[in-house]
Amino acid sequence: PLPKKPKPPPPNKVVVSDEKPQAPEPAVETAQSRTLFVGRCPDDIKDDDIYDHYESLGDKAIVEISWAQEEGRFANFGFITFRSLELLNRALKMLPPKVSGTRLAINKYTHKQKETDMELEAKKLLNKMLDARSTQPNKRSLKLVAQGKTIQPVRWTAEILKNAPFKKSFKKVLHTSAPDPALSQKFQQEHSMEVHGLQQVPAPVLQFSEVDFGAEVQNVLLERYERPFAIQSQAWPIILEGRDLIGLSETGSGKTLAFVLPGIVHLKAQKPTCPKEGPVVLVLAPTRELCMQIAEEVAQFPGLRVG
């Protein structure tokens, strides 16, 4: 039989219509459509690594950062939700962040008709974390709170001070003898000490039993020390009388407890703080090392939160 001839191609057709072409419907933005998948994340990755990298997109470009966890451990991937699709597309054009020498894998989180088990699990974790954090502040907000930037200034009116007086005199915790100029002068001479600004210097605390810092504090003091240091002996009665004090002494002479222990007395006597209120006791140190040393010294006393 003869081979069949191929069919000729159909002639070109031109369709003329008066109907205007319809514009494509705009894509509906959802939290999922504005989310990027972040992979190859090192264990030490932080939210600030992501915020800092995309800082050029604006302070409020990122709505949420969620890190996946599996059985309580970091699963080394997460999700970044942007405020708009435009911001997400701009982020995709940028070089992915590099953390601890590792270039992260950044991909658009898309919904497929058929998803793998890993993708289904990732989607489940994403939705769960978005639901859990939708009513909670993100870590950047928490950082601002920790830095005290959300604390509202207080206008200390006479009425406020009358209704919530600040206690600063605690003579009742002192069990020292009455002020004796001769005794105070002898103590100062023995320890090469000078006291200025007081007409009547309070009697020094010579034993821990002469001041009541509370049973828990007393137990720690008696376990670690035989008696108060010189600067503590003279500083405690002055501070506990509600006076301001500047103490100068060499390193290792007990200055930390000279102000910390009266600070504990002040702390426990004040009205409990409310959310977004500052600390009752604030310690400033010139170096980070000294700050850590003070924190370790304070942490030995139970019932205190040091931050």
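Modeller: Leaving aside neighbours within four places in sequence, Trp236 is in contact with Val205, Phe208, Val211, Phe213, Pro228, Leu257, Ala258, Leu261 and Pro262; contact means heavy atoms within 4.5 Å. The model is a predicted one, in which local features need pLDDT of at least 70 and side-chain atom pairs pLDDT 80 or more, while totals for chains, interfaces and linings use all residues. Residues are numbered from 1 along each chain as its sequence is written, and side-chain values use heavy atoms, without hydrogens or water.

Trp236 belongs to the largest nonpolar core, which has 21 residues. Such a core is a set of buried Ala, Val, Leu, Ile, Met, Phe, Trp, Tyr and Cys residues joined through side-chain atoms within 4.5 Å. Buried here means under 20% relative accessible area, exposed over 50%, and partly exposed in between, with a 1.4 Å probe and protein chains only. Together with Val211, Phe213, Leu221, Leu240, Leu261 and Phe301, Trp236 touches the most other members. At least two core residues come from each of helix 7 (215–224), helix 8 (230–240), helix 9 (255–269) and helix 10 (288–299); helices are DSSP runs of H or I with at least four residues, strands are runs of E with at least two, and both are numbered from the N terminus. Helix 9 supplies the largest share, 5 residues. Another core, of 20 residues, lies apart from this one and includes Ile50, Tyr51, Ile80 and Leu104. In soluble globular proteins, nonpolar side chains tend to be buried together.

In helix 6 (residues 181–190), Ser184, Phe187 and Gln188 are buried. Viewed down the helix axis, these buried residues fall within an arc of 95°, so they line one face of helix 6; the arc is that of the directions from the axis to the C-beta atoms. Ala182, Lys186, Gln189 and Glu190 are exposed on the face of helix 6 turned away from its buried side. After helix 6 comes Ser192, which has a positive phi near 50°.
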